[in-house]
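Please keep the sequence and the structure in view while reading.

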Amino acid sequence: MNHMTTINRRALGRSLSRITNASVAEALHGLVDARDTDARRIGFTGAPGAGKSTLISRYAKYRLDQSNNVGVLMIDPTSPISGGAVLGDRIRMDAIADDPGLFIRSVPSRSAHDGLCDNAPDLMLAMEQHGFDEVILETVGVGQVEYAVKMLVDTVVLVLMPESGDTIQAMKAGILENADIIVINKADLPGADRSRAEISAILKRRLQSESYWCPEVVMSSTKDNQGLADLAAAIDRHRAWLSANENRAEQLNRRRQYHLQSLLSRRAQEVMAATGADKLQGDLRQAFDHLAHGIGALDQAD
């Protein structure tokens, strides 16, 4: 696939807008056919300030220079007070935003609490149906709850900064266990080599076998493009490993289960929001039964 592949940007943009704003009933009515594609799904996660957006911009340009089509879905946090989102990641990618092989969309996290956004599975399905070689998903960057991205992508890239406390937090939260590739970003800063040594030591303690992918550690700096080549090569190696060792049908089934769970969770939130306070008072079992009935009554959805 190359830049000669035509991306129908207008159709994709309309589709993403519809999906972003869809209720659960609307999402179920307009589900995209979930067929397997050759598109590589890459998730970038890590704490705010680690430089995810800048790294994604540079990585996307590297792939574009290799004649790849790249789609980027960037999730911005929604304010719990105003309900608005900054949607500022697009600004950081302005330098490459006009490339014909690139499509960028920022979406608000809204009610999601797992680092993703409402209808994230549907958004990813829509993206990968439009001829991209890679679909990149950038999480909100909330840290300890970034596990959900593992369910939606093929390769998880964890972005850390040297001597920022990210390493310890990642160990505590178990995020390192979900990462396929760890990038020490801004590697020209002091402490980068020590952070790499600490993480490498942790990874070496794990049980090694041919059927287990040992996460790779990559150093990246805006002053040196070698890190981009190393990251791209690591992602390619992980994809090759997945092809040889992972059961694709099982992976797609796990995505489907997460999709169902996310729809049920959102439907529960919808019903809670539409239920009067009087219905939630009194006997807890009766309140639960009332909500459970509402969750299943999509034909009467508000």
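A residue is called buried under 20% relative accessible area, exposed over 50%, and partly exposed in between, with a 1.4 Å probe and protein chains only. The model is predicted, so local features need pLDDT of at least 70 and side-chain atom pairs count only at pLDDT 80 or more, while totals for chains, interfaces and linings use all residues. Residues are numbered from 1 along each chain as its sequence is written, and side-chain values use heavy atoms, with hydrogens and water left out. Helices (H or I, at least four residues) and strands (E, at least two) are DSSP runs numbered from the N terminus.

**Helix 1**

- The buried residues of helix 1 are Leu 12, Gly 13, Ser 15, Leu 16, Ile 19 and Thr 20.
- Viewed down the axis of helix 1, these buried residues fall within an arc of 165 degrees, so they line one face of the helix; the arc is that of the directions from the helix axis to the C-beta atoms.
- Arg 10 and Arg 14 are exposed on the other side of helix 1.
- The cover over the buried residues of helix 1 includes strand 3 (102–108) and helix 5 (120–128).
- Helix 1 has 12 residues (9–20) and should span 16 Å at 1.5 Å a residue, which agrees with the 16 Å between its end C-alpha atoms; the expected span is 1.5 Å times one less than the number of residues.

**Salt bridges**

- The structure holds 13 salt bridges, each being a side-chain nitrogen of Lys or Arg within 4 Å of a carboxyl oxygen of Asp or Glu.
- One of them joins Arg 63 to Glu 134, with the closest N and O atoms 3.1 Å apart.
- That pair links distant parts of the chain, since Arg 63 lies in helix 3 (residues 52–65) and Glu 134 in strand 4 (residues 134–138), 71 residues apart.
- Arg 63 is buried at a relative accessible area of 3%, and Glu 134 is buried at 0%.
- A network of salt bridges links Arg 40, Arg 63, Glu 134 and Asp 236.
- Glu 246 and Arg 254 form another salt bridge, their closest N and O atoms being 3.5 Å apart.
- Glu 246 is partly exposed at 33% relative accessibility, and Arg 254 is partly exposed at 35%.
- Glu 270 and Arg 266 meet in a salt bridge of 3.8 Å, N to O.
- These two residues, Glu 270 and Arg 266, are 4 residues apart in helix 10 (residues 248–274) and therefore separated by about one helical turn.
- Glu 270 is partly exposed at 21%, whereas Arg 266 counts as buried at 12%.

**Nonpolar cores**

- A nonpolar core is a set of buried Ala, Val, Leu, Ile, Met, Phe, Trp, Tyr and Cys residues joined through side-chain atoms within 4.5 Å.
- The largest such core has 27 residues, and Phe 44, Val 157 and Leu 231 have the most contacts inside it.
- Elements that each supply at least two residues of this core include strand 1 (40–45), strand 5 (155–160) and helix 9 (226–245).
- A second, separate core has 26 residues, among them Leu 16, Ala 120, Leu 123 and Val 156.
- Leaving aside residues up to four places away in sequence, Val 157 touches residues including Ile 42, Phe 44, Val 183 and Leu 231, where contact means heavy atoms within 4.5 Å.

**His 238**

- His 238 is found in helix 9 and counts as buried at 1% relative accessibility.
- Not counting residues up to four places away in sequence, His 238 touches Asp 154, Thr 155, Asp 180 and Trp 213.
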